[in-house]
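Here is a short briefing on one protein model. Look over the sequence and the structure first.

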Amino acid sequence: MGGGGSSSSKNTTESTNTSGQNAISGDNLGVTIAGVNDSNIDVTMTDHGAMERAAELGELALTSNVKALGIAANLGSDAIDANKDIASDAIALSRDTTKLVSNSHSENLQYVAGLAGNQAKQNTDNLETLKELAEMKIDGGQVATSKQMTIVISVIAFLLVVAFVMRGKK
């Protein structure tokens with residue numbers, strides 16, 4: 001008789017999901033790393049000597065400022081006097097320019113006032129003419145015709161009187 005056998009089976013499955021996708025919204029001023037399977041990342045960054053150059057520039061600025069302060073201290077009152085002269089000249093130029101602009105402005109205002117006066121006179125004349133035309137339109141021109149007829153009749157009457165007087169003297 002036979003002995004029984006034994007059998008066994010083992011199955012192990014390990015899955016690692018890796019996505020190489022990433023999304024950045026807004027300004028990306030840093031570093032983005034995608035598609036990395038393990039957590040050990042070695043990153044080396046450099047400023048390409050920017051910090052060293054910035055330190056040199058700062059030192060140069062300090063040195064030049066110290067030299068400038070030394071020169072200014074040596075110049076002392078000469079620099080102050082020169083600045084006073086420059087300021088006085090600038091004030092005088094500003095005053096003269098203001099006076100020139102003010103005079104020009106005054107002349108322009110006088111010119112505009114003259115134009116406004118002329119325009120007002122012209123407007124008044126135009127309104128008078130329109131008023132006369134409107135009066136003629138209202139009475140159909142009868143007032144003007146009546147005045148003319150009175151003049152014509154007066155002239156004819158005068159001529160008739162003169163004619164009769166002359167006839168009577170003959």
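The points below cover the fold, the surface and the salt bridges.

This is a predicted model: local features need pLDDT of at least 70, side-chain atom pairs count only at pLDDT 80 or more, and totals for chains, interfaces and linings use all residues. Residues are numbered from 1 along each chain as its sequence is written, and side-chain values use heavy atoms, with hydrogens and water left out.

**Fold**
- The protein chain has three helices and zero strands (DSSP runs: helices are H or I, at least four residues; strands are E, at least two; numbering starts at the N terminus).
- Buried residues make up 1% of the 170 residues (buried is under 20% relative accessible area, exposed over 50%, partly exposed in between, with a 1.4 Å probe and protein chains only).

**Annotated span**
- The unreviewed UniProt entry annotates residues 149-166 as "transmembrane region" (positions follow the numbering used here, feature names are shortened, and annotations may be inferred rather than shown by experiment).
- This span is 100% helix, and its end C-alpha atoms lie 25 Å apart.
- Phenylalanine 158 sits in helix H3 (residues 142-168).
- Phenylalanine 158 is exposed, at 57% relative accessible area.

**Salt bridges**
- The whole structure holds three salt bridges (a side-chain nitrogen of Lys or Arg within 4 Å of a carboxyl oxygen of Asp or Glu).
- Lysine 121 pairs with aspartate 125 at 2.9 Å.
- These two are four residues apart in helix H2 (residues 77-138), so about one helical turn separates them.
- Shared partners join Glu52, Arg53 and Glu56 into one network of salt bridges.
- Arginine 53 meets glutamate 52 at 3.7 Å, N to O, and glutamate 56 at 3.5 Å.
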